[in-house]
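Let's take a walk through this fold, starting from the inside. Have the viewer open and follow along.

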Amino acid sequence: MNDTKSILIVGVGGQGTLLLSKLLGNVLINEGFDVKVSEVHGMSQRGGSVVTYVRYSDKVYSPLIREGEADFVLAFEQLEAARFITYLKQGGKLIYNRAKIEPMPVITGVCDYPDDIEEKINANVDSIALDASALAKQAGSVKAVNVVLLGVFAKYTNIPKEKFIEEIKRSVPPKFVDLNCKAFNLGYEEA
């Protein structure tokens, strides 16, 4: 029986998807899981998509997640949530930030940002939509959206929240530990 859990983390460059995957991967390793992580950066330095695959179990053979296999998709903004929704498996959960980040075709006027994107997202999957940007700002920096999303995700695991807090304290520069712990707790409470 395959008990491998798969998490897809999607956002755009500079949002902290890689830190989120590092924190999550380290927590899972510390819990005794075999963990595989793979990242696709694309044009991340120019606001392009960043996709990170995290898979864990007693034994994981591949880091990649195919469409219809993800237990969770964590999305840093609405359009990325919509783009990667097909990766969720039946019964999977989408956790996404309600923020809208306009891609280059929208910025240049070639396309419009879809008006009804949230209705389309929520019509087809089990989802949690939250204003992670506001919670991050409340914690002290809008850059902490990644840790807010980690906090929401943590609520759906059997891993004690203290294990996530310990990893934040180990992995984040000391001057940002309190801010990130607060962001994590705000996300955890929001779930």
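Before we start, one term: two residues are in contact, or touch, when they have heavy atoms within 4.5 Å of each other. Keep in mind, too, that this is a predicted model.

With that in hand, pick out Phe184. Skipping residues up to four places away in sequence, Phe184 touches Val147, Leu150, Gly151 and Ala154, along with Lys161, Phe164, Ile165 and Ile168. Now zoom out to the largest nonpolar core, which has 41 residues. Phe184 is among those with the most contacts inside this core, as are Ile7, Leu24, Ile95, Leu130 and Phe164. The element that gives the most to the core is helix 6 (residues 145–154), with eight residues. Apart from this core lies another one of 21 residues, including Ala81, Phe84, Tyr87 and Tyr96.

Next, how do helix 6 and helix 8 pack? Helix 8 covers residues 177–190, and its axis lies 6 Å from that of helix 6, at an angle of about 45 degrees. That angle is why helix 6 counts as oblique to helix 8. The crossing of the two is right-handed. On the helix 6 side, the contact is made by Val147, Val148, Leu150, Gly151, Val152 and Ala154; helix 8 brings Asn180, Ala183, Phe184, Gly187 and Tyr188. Sorted by class, that contact has eight nonpolar residues, three polar ones and no charged ones.

Finally, jump to Thr17 in helix 1 (residues 17–30). Is Thr17 buried or exposed? Its relative accessible area is 3%, so Thr17 is buried. Beyond its neighbours within four places in sequence, Thr17 is in contact with Ile9, Val10, Gly11, Val50, Thr52 and Phe76.

Key. Residues numbered from 1 in each chain as written. Predicted model: local features only at pLDDT ≥ 70, side-chain atom pairs only at ≥ 80, totals over all residues. Heavy atoms only, no water. Core = buried A, V, L, I, M, F, W, Y, C linked by side-chain atoms within 4.5 Å. Buried < 20%, exposed > 50% of the residue type's maximum accessible area, 1.4 Å probe, protein only. Helix = DSSP H or I, 4+ residues; strand = E, 2+ residues; numbered from the N terminus. Axes fitted to C-alpha atoms, helices over the stretch in contact; angles between N-to-C directions. Parallel < 35°, antiparallel > 145°, perpendicular 65-115°, else oblique. Left-handed = near helix turned anticlockwise from the far one by under 90°. Nonpolar A, V, L, I, M, F, W, Y, C, P; charged D, E, K, R; others polar.
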